[in-house]
Amino acid sequence: MGYVGLPLAIEFAKNNSVIGFDLSLSRIESLKSGIDSTLEVNKSDLTNSSNLFLTSNPKDISEATIFIVTVPTPINKHCQPDLLPLLHASEAIGKVLKKNDLVIFESTVYPGATEEDCVPVLENFSGLVFNKDFFVGYSPERINPGDKTHTLTDILKVTSGSTPQTADIVDQLYRSIIKAGTFRASSIKVAEAAKVIENTQRDVNIGLINELAIIFNKLDIDTEEVLNAAGTKWNFQPFRPGLVGGHCIGVDPYYLTHKAQSIGYQPEIILAGRRLNDEMGSYVAGCLIKAMLKKRIHINGSKVLIMGLTFKENCPDIRNTKIIDVVAELEQYGVNVECYDPWVDKNLVKKNYGINIIDTPSNNNYDGIMLTVAHDQFKAMGAKKIRQFGKAKTILYDLKYLLSSNEADLRL
């Protein structure tokens, strides 16, 4: 019942009986009281959904005939796919799976994972035979956290099934809630591949723009001005440089490269983009340090304000945020870092990253200020208000082009 599962449960519950399961009892209790920490659904959506039964008891899911899996698919410290959440979900379903039941996976995986990794677990724990006793579908999630324009029902949904008849059933099921319609892929593997390349393409494109930004910075050319000029051509893609984090773009490419390597192919472009994007936290921290040194600001013991810790603007999602790389790099220089983000759950940030979020920045307090996330609150402040947080010689580093080129001392 997270960013993906909860909106899905709410929509299906408008015309169906839905069991919303999550391992976290505290998450379920919060939802029952009308509180969604992800801010993806409104309180009224939760309190008025009479067809939605929320539970953290695995036994309660046995009544279902259609199971939709929306667990995360992260990577481990070696940047290899971690399928444990997916396999544990498959095990839980397998224990209650009945004849003619349907299991649909939405989690991002490499091509083949559904049928090669998940199905054997379902068979093993159910004692049933795949495509004879039970059937499987795959319909990759396309939720964009914090986006109130491109919501679940307004995004075209890719669907697929393990047999032609199953594919029809899966497609019709999602058509019942997706206003934008569906696209039926020819196979589960095609649907899996389509999903994993969506974010891989974005990752590679952002990697290219990040490399261009590094080059332009060395040439003393403003990157945004270059991109605006190039963007006047009709087919130039409007990507911007930045820190690539989150649960998708910084993770999904490793699923594809893992599969490619397992069949004997060594990816070049995808991994090059990943390496460059993963190093951007260290790069931007270094840029700030150099700018501070040029202003004769003593680095060891200096104080820097980081404005924004979420992986993207206007949402509370801190999963795989790359701002922590910036914090860690600055601290290696002996910098005292304070983080401010009005969107985050402070306790969750402390638990996950060991970082204390301040309530509000103090005026005349910082030697460096980094605008790392384009929250609307920061846009509303403007350069004058933000500069008040800094000392007389402070460096204002705008990573998100929130300010004009003449309002910031440094831009990405």
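Where is Thr 153 found in this predicted model? Residues are numbered from 1 along each chain as its sequence is written, and side-chain values use heavy atoms, with hydrogens and water left out. Because the model is predicted, local features need pLDDT of at least 70 and side-chain atom pairs count only at pLDDT 80 or more, while totals for chains, interfaces and linings use all residues.

**Figure 1. The chain as a whole.** Welcome to the overview, with 14 helices and twelve strands in the chain; helices (H or I, at least four residues) and strands (E, at least two) are DSSP runs, numbered from the N terminus. The C-alpha atoms fill a box of roughly 75 × 50 × 40 Å along the principal axes. For 412 residues, a compact globule would have a radius of gyration near 22 Å, and the 23 Å of the chain agrees with that; the radius is taken over C-alpha atoms, and the globule rule is 2.2 Å times the number of residues to the power 0.38. Of the 412 residues, 52% count as buried, where buried means under 20% relative accessible area, exposed over 50% and partly exposed in between (1.4 Å probe, protein chains only). Among contacts (heavy atoms within 4.5 Å) between residues at least 6 apart in sequence, 73% join residues at least 24 apart.

**Figure 2. Helix α1 under cover.** Here is helix α1 (residues 5-12), which is mostly covered, with eight of its eight residues buried. Among them are Leu 6, Leu 8, Ile 10 and Phe 12. The cover over these buried residues includes the strands β1 (18-21), β2 (52-55) and β3 (66-69), together with the helices α2 (25-32), α3 (43-47) and α6 (164-175).

**Figure 3. Thr 153 and its neighbours.** Back to our opening residue: Thr 153 has 9% relative accessibility and so counts as buried. Leaving aside residues up to four places away in sequence, Thr 153 touches Glu 11, Ile 177, Ile 178, Lys 179 and Ala 180.

**Figure 4. A salt bridge between Asp 317 and Arg 319.** Side chains of opposite charge can pair when their charged atoms come close. In this view the side chains of Asp 317 and Arg 319 meet in a salt bridge at 2.6 Å, N to O; the term stands for a side-chain nitrogen of Lys or Arg within 4 Å of a carboxyl oxygen of Asp or Glu. Asp 317 is buried, at 2% relative accessible area, whereas Arg 319 is partly exposed at 30%. By this rule the count comes to 25 salt bridges.

Figure 5. Asp 367 and Lys 391 form a salt bridge through their side chains (3.4 Å, N to O). This pair links distant parts of the chain, with Asp 367 in strand β10 (residues 366-371) and Lys 391 in strand β11 (residues 390-398), 24 residues apart. Asp 367 is buried, with a relative accessible area of 11%, while Lys 391 is partly exposed at 39%.

**Figure 6. Helix α14 and its partners.** Arg 387 forms a salt bridge with Asp 409, the closest N and O atoms being 3.1 Å apart. Arg 387 lies in helix α14 (residues 376-387) and Asp 409 in the loop between β11 and β12 (410-411), so the pair ties together parts that are 22 residues apart in sequence. Both are partly exposed, Arg 387 at 30% and Asp 409 at 35%. Lys 379 also lies in helix α14 and is partly exposed, at 48% relative accessibility. Not counting residues up to four places away in sequence, Lys 379 touches Ala 374 and Leu 402.

Figure 7. Arg 202 lies in helix α7 (residues 188-218) and is partly exposed, at 38% relative accessibility. Beyond residues up to four places away in sequence, Arg 202 touches Phe 239 and Ile 249. The C-alpha atoms of Arg 202 and Gly 250 are separated by 9.7 Å, and the two residues are 48 apart along the chain. A network of salt bridges links Asp 203, Arg 274, Asp 278, Lys 322 and Asp 325.
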